[in-house]
Amino acid sequence: MFTVDLLLNAVFAGLMLGAFYAAVALGLSIAFGQLDIVNIAHPTFVIMGSFVAYILNENFGIDPVLIGVVFVPVFYFIGTNLYRFYYVSFERTSQESLSGLAFFFGLMFIIEVLLILTFGVDYRLVSAPYIGKTLHIGVLDLPYRMLVPAIAASIMTGAVVLYMSKTFMGKAILAVSQDSLALQLMGANPLKVKRVAMGIAIASAALAGALLIIIQPVEPSVGRLYIGRIFAIVVLGGMGSISGTFLAAILIGVVESFIATFYGPSWAPAVGFSILLLTLALRPQGIFGRA
Amino acid sequence: MFKSLTHPLRMFVVTAMIAAAMLFALPANVQAKNLKIGFSMALTGPLAGAGKAALIAMKIWKDDINKKGGLLGRKIEFVYYDDATSPSKVPGIYSKLLNVDKVDLVVSSYGTNEISPAMPIIMRKGLVFMSLFGLAVNDKFNYDRYFQIMPAGPIPKDDWSRGYFKLAMEQNPKPKSIALLSEDADFALSAVAGARRHAKRLGLKIVYDKTFPFGSPDVTSVMRAIIAAKADLIYIGSYPGGSVGLVKAANELDLKAKMFGGGMVGLQFAGIQKNLGPMLNGIVNYDFWVPEPTLNFPGVKEFLKKYQAGAKGKGVDPFGHYLPPFAYSYLQILGDAVTAVGSLDQKKIAAYIHKTTFKTVVGNVSFAKNGEWAKTRTLQIQFRDVKANDIAQFNKPGKRIVLYPDSVKSGSIVYPYKQ
């Protein structure tokens with residue numbers, strides 16, 4: 001059945017879903033796209049953010065988005081130190097390709113097991129006054145459970161884009177992804193720049209986790225379901241392009257929503273990945289990647 | 001002959017006699033080797049919540065039996081490995097259990113997807129296989145030593161949803177159309193396949209029949225498409241993440257239908273029930289045990305008391321209504337059969353289980369030829385008067401009213417769901 005109401009709602013549901021995907025993929029775009037760090041453990045940091053939001057929401061009733069924002073510095077600190085360890089152990093000795101990958105695999109399992117040992121394996125959810133309510137605008141029904149994370153994700157992405165384009169450190173991060181040696185010759189310390197970038201990547205992942213638990217129940221292994229999708233978004237957007245990642249996420253979200261509404265939800269991931277394959281065939285550097 | 005006590009042969013004889021005397025002096029349970037029961041279990045991964053809860057229940061049975069002296073005079077010992085909710089790990093685990101650990105008996109992991117991969121190995125060894133919540137696994141194998149504890153019934157795929165459709169067709173006005181939705185994984189697909197057959201048999205018009213990917217983060221668009229199809233009945237087969245998303249989306253988008261629910265996994269778990277709260281009201285869904293007076297079988301309250309004490313601080317379902325009583329019972333049945341037969345002869349144990357009605361904490365259990373319950377007792381319950389933010393309410397009667405089957409019915413349906 002095709003109606004204008006359904007079409008509009010499918011598009012807006014896709015926009016909201018896509019904005020959330022962008023939040024999850026943002027950190028990976030920085031780590032993988034700009035720093036060449038294949039952080040397979042990225043979704044695990046998302047889940048850590050979810051559990052922090054769960055604990056404080058469950059015990060003190062604090063809004064999950066607020067918790068996510070408040071914990072940004074903590075996860076930033078974790079991210080900078082994670083890079084420090086990664087650099088000393090792998091990058092300095094040029095072992096980052098295989099050993100680094102194995103390290104992040106191991107880290108993913110260790111964090112997952114620690115979460116299981118600490119919190120158990122039951123599904124965790126959060127409460128907030130807006131969850132379960134819907135904003136009605138004409139024919140549009142926008143559940144706040146999707147709308148709030150979408151707005152928060154868009155603000156977060158916008159803030160990172162502004163930071164990257166307007167600040168010295170932001171520009172240095174973009175520069176280090178292109179030519180680390182040239183950056184060094186300009187008097188900047190590439191290691192410090194990468195530490196800051198990794199801090200931003202992990203902090204954004206944790207904030208995305210706070211948004212995730214608003215949308216769906218979370219248990220320690222749920223992050224695995226996102227690995228394929230977010231890597232696809234980062235590649236589709238053009239490795240390292242923040243705005244490209246956001247637009248690619250929106251594209252995947254809208255396509256998934258459209259297919260789920262009008263054709264069959266089981267086809268949604270297949271169509272999303274077909275777009276990725278088609279893009280790579282026609283434009284190997286991704287939609288916004290540099291040739 | 002042996003003139004001195006220090007003669008080597010005399011010393012050997014004396015030592016042997018002392019050793020024999022010591023051996024006979026030991027208690028019987030130390031003389032006999034422990035009786036090993038082996039299994040894989042989902043202790044991590046998406047089904048770990050249920051797997052860990054099942055393990056607590058199984059350990060309660062082990063402790064109960066060992067306090068009584070064990071089975072066949074031997075203490076029970078569990079040998080188990082985490083299958084990480086990954087079906088590919090299951091064959092390797094059972095091979096190790098049988099060939100390296102040399103277990104005496106085996107039981108299954110939790111869930112259809114984890115049980116099927118073990119079947120070829122178990123069948124090759126000719127072992128009795130007590131199975132924990134596999135839907136229609138034996139349809140493919142026809143193994144005569146397979147016994148399944150979930151009360152699905154002798155035609156599991158159809159019996160699973162039989163009650164839902166019986167209730168629907170008894171209502172006035174009768175429903176005319178149905179929407180079917182399944183999460184793309186084995187159990188949910190099987191449950192919805194049965195519902196599809198019932199719908200066709202009853203002449204219901206199927207206006208929506210789709211699957212959605214396992215673990216989809218958002219199902220709002222799917223619910224919107226279902227609402228657009230304007231079905232009287234909505235039957236869903238889903239896992240916890242999907243179930244929560246669909247219930248929330250149904251409330252957010254103001255779903256109107258005569259009946260909504262069916263085979264949604266997750267709505268049986270206390271944590272999810274608490275979070276969804278009043279959004280659950282009116283949903284008709286399957287369940288296996290709820291704290292209604294009609295299901296107060298001998299021993300079940302004592303068992304749940306032990307489970308709830310054991311579950312504290314373990315991050316599993318705090319009440320344990322859904323799976324744990326059945327995890328206890330499938331070992332109860334195996335233990336009773338071994339005791340009755342008096343040996344580990346698998347053929348005799350299987351024959352005994354086939355012909356016996358067992359008294360368990362989930363009531364009387366007897367098995368059909370295919371190893372499923374001889375008669376279905378898949379409950380259809382309706383959530384009623386659920387309040388917000390109160391987990392304790394789900395541990396008491398009155399919130400999940402049993403509508404089907406009649407033998408354990410505790411109330412009548414409120415129909416329609418929402419109009």
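The entries below go from the contact between the chains to a helix pair, then to a pair of domains and a single residue.

**Entry 1, chain A against chain B.** I note at the outset that this is a predicted model. I looked up the contact between the two chains and found 34 residues of chain A in contact with 38 residues of chain B. On the side of chain A that touches chain B, at least two residues each come from helix H1 (4–34), helix H5 (96–119), strand E2 (140–143), H6, H11 and helix H12 (268–282) of chain A. H1(A) gives the most to this side, with five residues. When I sorted the residues of that side by class, I had 19 nonpolar, eleven polar and four charged.

The axes of helix H6 (residues 144–166) and helix H11 (residues 242–262) of chain A come within 9 Å and cross at roughly 160 degrees. An angle over 145 degrees counts as roughly antiparallel, and H6(A) and H11(A) are therefore roughly antiparallel to each other. The crossing in which H6(A) passes H11(A) is left-handed. For the contact I wrote down A:Thr157, A:Val160, A:Val161 and A:Met164 from H6(A), facing A:Ile242, A:Ser243 and A:Phe246 from H11(A).

The domain assignment divides chain B into domain 1 (31–154 + 297–365) and domain 2 (156–294 + 378–408). Taken over C-alpha atoms, the centres of the two domains of chain B are 28 Å apart, and 19 residues of domain 1 are in contact with 20 residues of domain 2. On the domain 1 side, the elements that give two or more residues are helix H5 (112–115) and helix H14 (324–341) of chain B. I counted that side by class as twelve nonpolar, six polar and one charged.

Is B:Trp61 buried or exposed? B:Trp61, which I found in helix H3 (residues 48–67) of chain B, has 23 C-beta neighbours inside 10 Å and so counts as buried, the cut-off being 20 or more. Leaving aside neighbours within four places in sequence, I found B:Trp61 in contact with B:Tyr328, B:Leu331 and B:Gln332. I also checked B:Trp61 against B:Leu379, which is 318 residues away in sequence and 25 Å away in space, C-alpha to C-alpha.

Definitions and conventions
Residues numbered from 1 in each chain as written. Chains lettered and ligands numbered in written order. Predicted model: local features only at pLDDT ≥ 70, side-chain atom pairs only at ≥ 80, totals over all residues. Axes fitted to C-alpha atoms, helices over the stretch in contact; angles between N-to-C directions. Helix = DSSP H or I, 4+ residues; strand = E, 2+ residues; numbered from the N terminus. Parallel < 35°, antiparallel > 145°, perpendicular 65-115°, else oblique. Left-handed = near helix turned anticlockwise from the far one by under 90°. Contact = placed C-beta atoms within 7 Å. Domains from an automatic or database assignment. Nonpolar A, V, L, I, M, F, W, Y, C, P; charged D, E, K, R; others polar. Buried ≥ 20, exposed ≤ 12 C-beta atoms within 10 Å, placed from the backbone.
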